Amino acid sequence: MSTASNQGHAEAPREQGLGAGPAKRLLLADGLAMFGNWIDFLAILTLAAYQQQLSASFMALLSASLVLPGMLASPWLGRRCDRGWAGPGLLVSLLGRAVLTLALIVLVAQPSWIWLLLLGAGRSVLGAMTAPAVQVLAVQLTAIEGRNSFYAQLSMVGSVAKVLAPLIGAGLASRFGEAVALWASVACALAAALVLWPLLTAVRQRGPAAANPIAQDPASESESVRLVALLPLLSLAAGFAAAVYMAGNLLPLVLQRQGLDKALLGSLVASSGVGNLLAGLMISRSGLAARLQGHEVEVLLPMLGQMLCFALFAAVLWLAPPALWVWLLPAAFFCSGLASASYAITLNIFMSRQHGQAMGQATAAMQAAQQTMVLLAPLAGAWVLDRHGGAALFASAAALGIAWALMHLSARRLRGLTGAASAAPLSAAPPPGA
């Protein structure tokens, strides 16, 4: 996609924002949804790792059920979001996940690994609608001047959910049982749907084409979905996901094999969430958000920071006395939260600047790339964990992420050289026959 085309896509929504009120409503709805999502996700991992004490290979299979169905459905869902289905689709996703959470409550009383896999598959399809829908609605509800700040606030809302949901969910589960915590998740999904409902009317009154001209411009659509134009985005998304999910999805099993209490899982997630929140505040309040231009290097720097945090986690398991793990591991995850939130914010800005008119399709493609790694990376992670242990798992993930970032930089430099050569003046070209 040409530079001129990118600029045209970015500037189109300048006068299309609906204002701060609807944008804040979207933030609230997404925050409630993420709050319930974290309770569900941790409940599924806890059921598999602790209650049913399943193997690393099954954990990898569970990860596959959580991503493969959604990965297959996401391209179609992304196109629907670009054609006016973002609001209704997000509403259906919230209500559907509430129903699946009710099914998870049944599984707490009567565990079944088959039903756990089926539940994960259904959750995957419904979840695949969420990210494209939120991104499309963000473009519709915010002017470009305030969109970077909106993404920082979106990260902060997610961080609050990431901090509070594990703590409140674990507290409810320990005091009243897992079922009560999951009922709280159902309540969050229904509340998010209620908050979202008025936005559907506002967006419907304006029409999808007002914020997404691609919906009525076939030529623009053809331009927006070119694979070559999406390659930098897909590489940035897939590389980070490969490293994170290689280790992250097996974290409950790492803790269990190290003899650590399952309550530490919630502490680690909460520590990461505090780091997420602080990063969002720093980027939003310091004015850095307004200075971000959507360049690839802005995404690569926090990606490398995340890999260094994984290396720190591995070093703690290898070198530190076990008595200090309960303090050092949360500290490592706090630093990881700083890096991962910075990565998420800069990736959203990069995507909106490059593919602003086709956010549904771009987000779906990015999501498919991430989910491909979610499918494959835990398999490699399970092999490393079974043979070399948890420290080697996190060290391998760090090495993978660093190598990927370096390869992306090399490919970026090659693209720059190729672009410079193609733009060279005719007088610089070799004579015919040379």
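Ala33, Gly36, Asn37, Asp40, Leu94, Arg97, Ala98, Thr101, Ser185, Val186 and Ala189 line the second largest cavity of this predicted model, where a cavity is a set of points on a 1 Å grid over the protein atoms alone at which a 1.4 Å probe fits but cannot get out, and where lining residues have an atom within 4 Å of a point. Residues are numbered from 1 along each chain as its sequence is written. Because the model is predicted, local features need pLDDT of at least 70 and side-chain atom pairs count only at pLDDT 80 or more, while totals for chains, interfaces and linings use all residues, and side-chain values use heavy atoms, leaving out hydrogens and water.

The space in this second largest cavity is about 70 Å³, a volume being the space filled by probe spheres set on grid points that are joined across faces, edges and corners. A search of the whole structure finds four cavities of 30 Å³ or more. Helix H2 (20-51), helix H3 (56-109) and helix H6 (178-206) each give at least two residues to the lining of the second largest cavity, helices being DSSP runs of H or I with at least four residues, numbered from the N terminus. By class, this lining has five nonpolar, four polar and two charged residues, with Ala, Val, Leu, Ile, Met, Phe, Trp, Tyr, Cys and Pro counted as nonpolar, Asp, Glu, Lys and Arg as charged, and the others, Gly among them, as polar.

The table turns to helix pairs, with axes fitted to C-alpha atoms over the stretch in contact and angles running from 0 to 180 degrees between N-to-C directions.

| Helix pair | Axis distance | Crossing angle |
|---|---|---|
| H5 (residues 144-176) and H11 (residues 263-285) | within 8 Å | roughly 160° |
| H14 (residues 325-355) and H15 (residues 359-388) | 10 Å | about 135° |
| H5 and H14 | within 9 Å | roughly 145° |

The angle between H5 and H11 makes this pair roughly antiparallel, and H14 and H15 are oblique to each other, since angles under 35 degrees count as roughly parallel, over 145 as roughly antiparallel, 65 to 115 as roughly perpendicular and the rest as oblique.

H5 and H11 cross in a left-handed way, whereas H14 passes H15 in a right-handed crossing; a crossing is left-handed if the near helix is turned anticlockwise from the far one by less than a right angle, and right-handed if clockwise. In the pair H14 and H15, the contact (heavy atoms within 4.5 Å) is made by Leu347, Met351, Ser352 and His355 of H14 and Met359, Ala362, Thr363, Met366 and Gln370 of H15. These residues divide into five nonpolar, four polar and no charged.

Conventions:
On a 1 Å grid over the protein atoms alone, a cavity is a set of points where a 1.4 Å probe fits but cannot get out, and a pocket is an open set with protein on both sides within 12 Å along at least five of seven lines; lining residues have an atom within 4 Å of a point.
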